[in-house]
Amino acid sequence: MKLGDIGDTPLVEVKSDSGNRVFSKCEFMNPSGSHKDRTYLSIITKLEASGVIQPGMILVDSSTGNGGAALAWIGREKGYSIRIFMPEGMTQERKAQILSYGAQITEIPKEEFLAGAATMAQKFSSEALEGNTYFLDQSNTLLNKEAWHGCGEEIVNALKKMNVIPDFFICSIGTGGTFSGIAEVLKREYKEIKAIGIEVKSSAPLYAMKKNTAFKHRPHNLMGLGAGVLSINTIPELVDEVRLVDGARSWQRMKQFIVDSGIQIGPTCGANLLVCDEIIRECNNQNIVTLFFDSAWKYRSRWDGIYPEYRED
């Protein structure tokens, strides 16, 4: 695999029902097995072009696993040293993948979760030798969102080839960069499209904001979603509706899809499919676009869907 293999993933039709059609962008087919390859390749390339970073430096970020693996692999290919700060309790597969690319992992207490990991990453960077270490901070740079414009354009081009006009874009929200970057492109091209963001019900800050209700972060088993904070990459105006999913049901939906299709996707993909199922039950003759973020193999050590450290309340 090489850096040029990132992107241009297939858009495949995964379901037809009641005249509805569901298409998914297969981001799990990126080299490290997740959509985060796009995020970090774009961020690093733009920072290099502006002279902010250069090979030989130490790049630092926080992650629950997918982003860490993507950064570790891309960093190795481009000549950087990588340090990942992550909450304890993430899957063995993702930790092993990060280490296999030569990166270092610092785990922080589970109670601090991703916000604490980001704080520690920033502290490490600020205390390092001046000019040698850079905190990429994927959640708080709009370079994250910008990285996804290219994916949005790929979706548009693929739909045009199939003569399909999308009615819905459905996508889970973590940092929000993937959702917002794609939604910007789709809304520019298709004025009537409805963009539905998904949050896990145990940690849904955008839903709380839109409903003007109190927000409380609670543990859950959909790693990559529900960090407990709203990133600047989550643009509320782009989200026409927020729907909530249950973690256990998302895992079940993932496993059902794997059995039915043979396509090895991860649990947040199951969350996307749950909401696609809802739209199919509610509508007729609609075209739905979603994403498959990552790969099932990254979760085999937690295949029961239980993270003892993060049991849902």
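Biologist: In this predicted model, over how many bridges do strand 3 and strand 4 pair, and in which sense?

Modeller: Two strands count as paired if at least two bridges link them. Here, strand 3 (residues 58-62) and strand 4 (residues 81-87) have five bridges, in the parallel sense.

Biologist: Which residue stands opposite Ile 84 in strand 4?

Modeller: That is Asp 61.

Biologist: What is the order of the strands in the open sheet?

Modeller: Four strands build the sheet, ordered 5-4-3-6, with parallel pairing. Strand 5 (104-108) and strand 6 (133-135) are the edges, each pairing on one side only. From one strand to the next, the twist averages 20°.

Biologist: Which strands does helix 4 lie across?

Modeller: Helix 4 (residues 113-127) lies across strand 3, strand 4, strand 5 and strand 6. Its direction is about 145° to strand 4. Helix 3 (residues 92-100) lies across strand 4 and strand 5, at about 145° to strand 5.

Biologist: Now the helix pair. At what angle do helix 9 and helix 10 pack?

Modeller: Angles of 65 to 115 degrees count as roughly perpendicular. Helix 9 (residues 247-261) and helix 10 (residues 267-282) pack at about 90°, their axes 7 Å apart. The two helices are therefore roughly perpendicular to each other.

Biologist: Which residues of helix 9 and helix 10 meet?

Modeller: From helix 9, they include Trp 251, Met 254 and Phe 257. From helix 10, Pro 267, Leu 273 and Asp 277 are among them. By class, this contact has seven nonpolar, two polar and three charged residues.

Definitions and conventions: Residues numbered from 1 in each chain as written. Predicted model: local features only at pLDDT ≥ 70, side-chain atom pairs only at ≥ 80, totals over all residues. Heavy atoms only, no water. Axes fitted to C-alpha atoms, helices over the stretch in contact; angles between N-to-C directions. Parallel < 35°, antiparallel > 145°, perpendicular 65-115°, else oblique. Contact = heavy atoms within 4.5 Å. Nonpolar A, V, L, I, M, F, W, Y, C, P; charged D, E, K, R; others polar.
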